[in-house]
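Reader: I am new to protein structures and would like a close look at one part of this one. Could you walk me through how its helices pack against each other, and then show me some of the surroundings?

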Amino acid sequence: MTHSLTPRDAGNLPALSAPPLIRLDAYVAEDGSTVVNGHLLEMGGTRPPNEAILDAIAMFARTLGAPVAATVIDRTVQQVARLRVHPDGSSRTIADEDDLPPGRERTAAEEEAFPPLARVERIIQHAQREELHAAFVLAGALREHLSLRRGAEDELALEARAIEAYLAYLRGDYMHSTVLALTVARIRCRTDLNRAAPEVARATAAWQRLWDEGQVAARGQELLHMWERLSAEGLLLEPSHQAMAQAVRARLERGSLTGSHPVSAPTPAAAPAAALTAGQGPVAPEDKPLKPTRRGLRRFTRRPGRSAES
């Protein structure tokens, strides 16, 4: 069951003492599922996501009696939009360079109003009720916004990505789970090698479910590189991790014997991966880049009184 966002629910409102123009956040998944401040919206038939987002944000503005800001990540068009929405329902978009920079104090204020850990708890509640689609979309929204605000290497952003990877695994989307989990492992190998082994193990568990030989080879080479690095550093301590490392090598060697994929020669995808774990290149290269915001995006621009809730 999804959550319908209403301004009367105190848990959905920013703190009254929050600074002016505190940002709300919204997210549109590739399938059109829409999230505002960690709540999945009831779309009601064929209602466009941008209209649902503007209505929800306008409710906040009317409740607070002041304009509010919002950052919208829209994966249907690979774009991030910066909005200003007023109590009368009017809205406009601004360019990235015109937006107020987050800054440490602003980020802290925004996350105090809408705590990431409260969102994680909501995701877990959906998962416990076996509402895996809702949990997965909410985890993706949280990960995207934390990565945008704090960076992909931030601890909270990493945790959200790990949760999203696990939910993808539960849904049977093992390719997506492998990619997400590998990114977490890659970042751990760059930033905190002592904590990397469990993340590499989680990525290996998802990878073991893959059937596409090309993906098995490419992702397996990266996993093997990680396990070998952990072994060289004396960090391959758990017997289960040692068994997983051996399982990766054995599977790649079986593929090599059948001609599916060689072990000795890194695939094109594996070579950059080795550089990434060594600290070069983008942190999460598989994250699809977002287009910069333009002023006056029509789908997020409204005249006064145009809110459906007016």
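Author: Happy to! Let us start with a term: a residue counts as buried when its relative accessible area is under 20%, as exposed when that value is over 50%, and as partly exposed in between. With that in hand, buried residues make up 50% of the 310 residues in this protein. Please keep in mind that the model is predicted. It contains 10 helices and six strands. Among contacts between residues at least 6 apart in sequence, 69% join residues at least 24 apart.

Now to the helices. Two packed helices are described by the angle between their axes and the distance between those axes. Take helix H7, residues 196–207, and helix H8, residues 213–232: they pack at an angle of about 155°, and their axes are 10 Å apart. Angles over 145 degrees count as roughly antiparallel, so H7 is roughly antiparallel to H8. Their crossing is left-handed.

Which residues do the touching? On the H7 side you will find Ala196, Ala197, Val200, Ala201, Ala203, Thr204 and Trp207, and they meet Gln215, Val216, Arg219, Gly220, Leu223, Met226, Trp227 and Leu230 of H8. Sorted by class, this contact has 11 nonpolar, three polar and one charged residues.

H8 has another partner to look at. Helix H6, residues 174–191, has an axis that comes within 11 Å of the axis of H8, and the two cross at roughly 25°. Angles under 35 degrees count as roughly parallel, so that is the relation between H6 and H8. The crossing of H6 and H8 is left-handed too.

Here, Met175, Thr178, Val179, Leu182, Ala185, Arg186 and Cys189 of H6 meet Gln215, Arg219, Glu222, Leu223, Met226 and Arg229 of H8. By class, the contact of H6 with H8 has seven nonpolar, two polar and four charged residues.

Ala162 and Leu182 are 20 residues apart in sequence and 9.4 Å apart in space, going from C-alpha to C-alpha. Ala162 belongs to helix H5, residues 155–170. Its relative accessibility is 22%, so Ala162 counts as partly exposed.

Finally, look for the ring-bearing side chains. The count comes to two aromatic pairs. In one of them, the rings of Phe60 and Phe114 have centres 6.4 Å apart and planes at 85°, so this pair is edge-to-face. The pair links distant parts of the chain, 54 residues apart: Phe60 sits in helix H1 (residues 49–64), while Phe114 is in the loop between helix H2 (103–113) and helix H3 (116–128). Phe60 is buried, with a relative accessible area of 2%, and Phe114 is buried as well, at 7%.

The other pair is formed by Tyr169 and Tyr174, whose ring centres are 5.2 Å apart and whose planes are at 65°, so this pair is also edge-to-face. Tyr169 has a relative accessible area of 23% and is partly exposed. Tyr174, at 23% relative accessibility, counts as partly exposed too.

Methods:
Residues are numbered from 1 along each chain as its sequence is written. This is a predicted model: local features need pLDDT of at least 70, side-chain atom pairs count only at pLDDT 80 or more; totals for chains, interfaces and linings use all residues. Side-chain values use heavy atoms; hydrogens and water are left out. Axes are lines fitted to C-alpha atoms, for helices over the stretch in contact, and angles run from 0 to 180 degrees between N-to-C directions. Helices (H or I, at least four residues) and strands (E, at least two) are DSSP runs, numbered from the N terminus. Angles under 35 degrees count as roughly parallel, over 145 as roughly antiparallel, 65 to 115 as roughly perpendicular and the rest as oblique. A crossing is left-handed if the near helix is turned anticlockwise from the far one by less than a right angle, and right-handed if clockwise. Contact means heavy atoms within 4.5 Å. Ala, Val, Leu, Ile, Met, Phe, Trp, Tyr, Cys and Pro count as nonpolar, Asp, Glu, Lys and Arg as charged, and the others, Gly among them, as polar. Rings of Phe, Tyr and Trp (its six-membered ring) pair if their centres lie within 6.5 Å; planes under 30 degrees apart count as stacked, over 60 as edge-to-face and the rest as tilted. Buried means under 20% relative accessible area, exposed over 50%, partly exposed in between (1.4 Å probe, protein chains only).
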